[in-house]
Amino acid sequence: MSDRSHLLERLLDPNEVIVVDGAMGTLVQRYDLTEDEFRGDRFRDHTHDLKGANDVLVLTRPQVIREIHDQYLAAGADIIETDTFNANAISMADYALQNVAEEMNLVAATIAREAADAFTATNPDKPRFVAGSLGPTNKTASLSPDVNDPGARNVTWDQLVSAYHDAARGLVAGGADILAIETIFDTLNGKAAIFAVEQLFDELGFRIPVIVSGTITDQSGRTLSGQTVGAFWNSVRHARPFAIGLNCALGGDMLRPFVAELAKIADVPVITYPNAGLPNAFGGYDEQPPQTSSVLGGMASEGLLNLVGSCCGTTPDHTRAIVEAVAGLPVRQIPEVEARTRLSGLEPLDIGPDSLFVNVGERTNVTGSRAFARLVTEGRFDDAVEIARQQVDAGAQMIDINMDEALLDSEAAMARLLDLIGSEPDIAKVPVMIDSSKWSVIEEGLKHSQGRPVVNSLSMKEGEDEFLRQARLARRYGAAVIVMVRVSSSRTVGCLADVAPPW
């Protein structure tokens with residue numbers, strides 16, 4: 001494994017923008033591999049067609065992947081990404097390859113590691129690094145696959161965490177310097193990846209840098225699951241990322257205003273790696289290296305970037321042009337950002353000294369509203385959602401959801417309501433306060449909140465060890481917490497604590 005101190009030193013160098021490689025799939029397509037070549041000897045008799053499963057090539061055609069890495073390194077890339085964008089158990093299930101997903105990650109990282117080390121050996125003054133790619137999977141935890149049931153989901157938080165954990169474990173074992181949680185179109189998927197990676201770091205006893213990169217799907221400036229750039233950053237900043245960024249979906253010119261917005265609010269390095277423009281009518285990309293590099297060079301010259309690369313439709317020629325375009329340009333200066341409590345639903349809610357009174361809608365609480373309790377116990381969740389809507393329409397800046405009712409399966413009720421609310425942009429725009437006296441209910445709520453919620457509440461009633469366990473988990477889920485503090489023998493008050501950075 002390479003010396004990551006070199007990577008951190010280069011990131012802090014005010015005179016050098018770090019360049020990440022370009023598209024893997026674009027170059028794989030150039031090889032025009034057949035079904036038999038994708039299968040190789042190992043999967044000759046496999047039950048499913050494998051053509052198009054680019055990740056399997058690390059097992060069946062490793063030399064092809066090595067050649068692609070070498071092309072990007074020769075073009076001047078400082079960081080190459082592993083061929084593992086879909087190498088997770090969830091995505092690989094489509095090819096009946098879920099059982100070899102972790103192996104794919106290990107082998108892919110090993111191939112990239114050998115390529116990077118070979119180029120570093122020829123020029124030690126320009127060390128090269130490996131980023132292990134953790135793609136978004138082909139399922140979404142925040143959106144329904146059923147038009148008739150907005151609360152339906154085709155993947156669970158626990159399934160995502162398991163898949164990401166095993167993929168990340170393979171990448172680290174293979175020698176990745178960085179883990180890149182990328183192309184996040186659903187922030188809940190991204191938060192599950194962050195949770196899994198943090199879990200892995202605990203098991204390993206060390207951590208490596210993490211890049212977190214979201215995907216803005218159109219010029220509305222939102223992810224597919226509806227979050228704005230500010231809300232996305234508030235939702236994932238607990239990851240303590242090595243860099244935060246935006247990639248894929250759009251070309252650089254369309255992505256620029258959103259990168260500029262992120263550069264203003266993020267107190268960590270910023271990365272962008274856009275597509276070669278928008279796809280044409282045939283699904284290809286027409287933007288040539290001079291145009292891509294000109295746009296990205298312009299972003300760098302404006303002081304928006306610390307790292308830069310390119311995504312779908314790009315080639316080593318694009319990378320070479322980007323290297324030339326950013327050469328000698330100063331990197332973005334990381335701003336000092338005012339300490340505030342930063343929450344989010346689909347939109348950010350930043351609370352500071354000038355925020356005055358924050359309205360919390362309490363009518364979605366079975367202990368505080370008989371009408372709401374009746375609807376939930378009768379299973380009338382659609383009507384319960386309307387109460388949440390009324391709260392937001394009346395000016396609530398967040399909504400408190402409590403399902404502590406003896407006749408309820410509180411965990412299931414919390415999950416159901418949050419999933420339904422998550423499908424209603426007019427309600428989901430505000431953060432949620434997950435309110436319960438039972439940690440299991442709070443934890444279930446956290447698994448269904450793509451924004452940055454508030455946990456209501458934690459206390460020392462079960463002892464210091466349990467309090468610390470729950471507080472650490474709340475941070476890992478990306479939540480702020482209300483901590484109940486006894487101020488006298490007869491009075492207890494709640495204090496809102498932001499458990500994300502600064503640390």
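These questions and answers cover the pockets, cavities and helix contacts of a predicted model.

Residues are numbered from 1 along each chain as its sequence is written. In this predicted model local features need pLDDT of at least 70, side-chain atom pairs count only at pLDDT 80 or more, totals for chains, interfaces and linings use all residues, and side-chain values use heavy atoms, with hydrogens and water left out.

Student: What is the volume of the largest pocket?
Tutor: A pocket is an open set of points on a 1 Å grid over the protein atoms alone, with protein on both sides within 12 Å along at least five of seven lines. Points are joined across faces, edges and corners, and a volume is the space filled by probe spheres set on them. For the largest pocket that comes to about 770 Å³.

Student: Which helix gives the most to the lining of the largest pocket?
Tutor: Lining residues have an atom within 4 Å of a point. There are 38 of them here, and Ala-23, Met-24, Gly-25, Phe-85 and Cys-312 lie nearest the centre. Helices (H or I, at least four residues) and strands (E, at least two) are DSSP runs, numbered from the N terminus. With three residues, the top contributor is helix 2.

Student: How many charged residues does the lining of the second largest pocket have?
Tutor: This pocket holds about 190 Å³ of space. Ten residues line it, and the closest to its centre are Glu-198, Asp-202, Arg-472, Arg-475 and Arg-476. Asp, Glu, Lys and Arg count as charged, Ala, Val, Leu, Ile, Met, Phe, Trp, Tyr, Cys and Pro as nonpolar, and the others, Gly among them, as polar. The lining has two nonpolar residues, one polar, and a charged count of seven.

Student: How much space lies in the largest cavity?
Tutor: A cavity is a set of grid points where a 1.4 Å probe fits but cannot get out. The structure holds three cavities of 30 Å³ or more. The space in the largest cavity is about 220 Å³.

Student: Which helix gives the most to the lining of the largest cavity?
Tutor: Of the 20 residues that line the largest cavity, the closest to its centre are Gly-422, His-448, Ser-449, Gln-450 and Gly-451. By class, the lining has nine nonpolar, eight polar and three charged residues. Four of the lining residues come from the top contributor, helix 16.

Student: Is helix 7 roughly parallel or roughly antiparallel to helix 8?
Tutor: Axes are lines fitted to C-alpha atoms, for helices over the stretch in contact, and angles run from 0 to 180 degrees between N-to-C directions. The axes of helix 7 (residues 101-122) and helix 8 (residues 157-174) come within 7 Å and cross at roughly 30°. Angles under 35 degrees count as roughly parallel, over 145 as roughly antiparallel, 65 to 115 as roughly perpendicular and the rest as oblique. So helix 7 and helix 8 are roughly parallel.

Student: How is helix 14 oriented to helix 15?
Tutor: Their axes are 8 Å apart, at an angle of about 150°. The contact (heavy atoms within 4.5 Å) joins Phe-372, Leu-375 and Val-376 of helix 14 to Phe-381, Asp-383, Ala-384 and Ile-387 of helix 15. The angle therefore makes the two helices roughly antiparallel.
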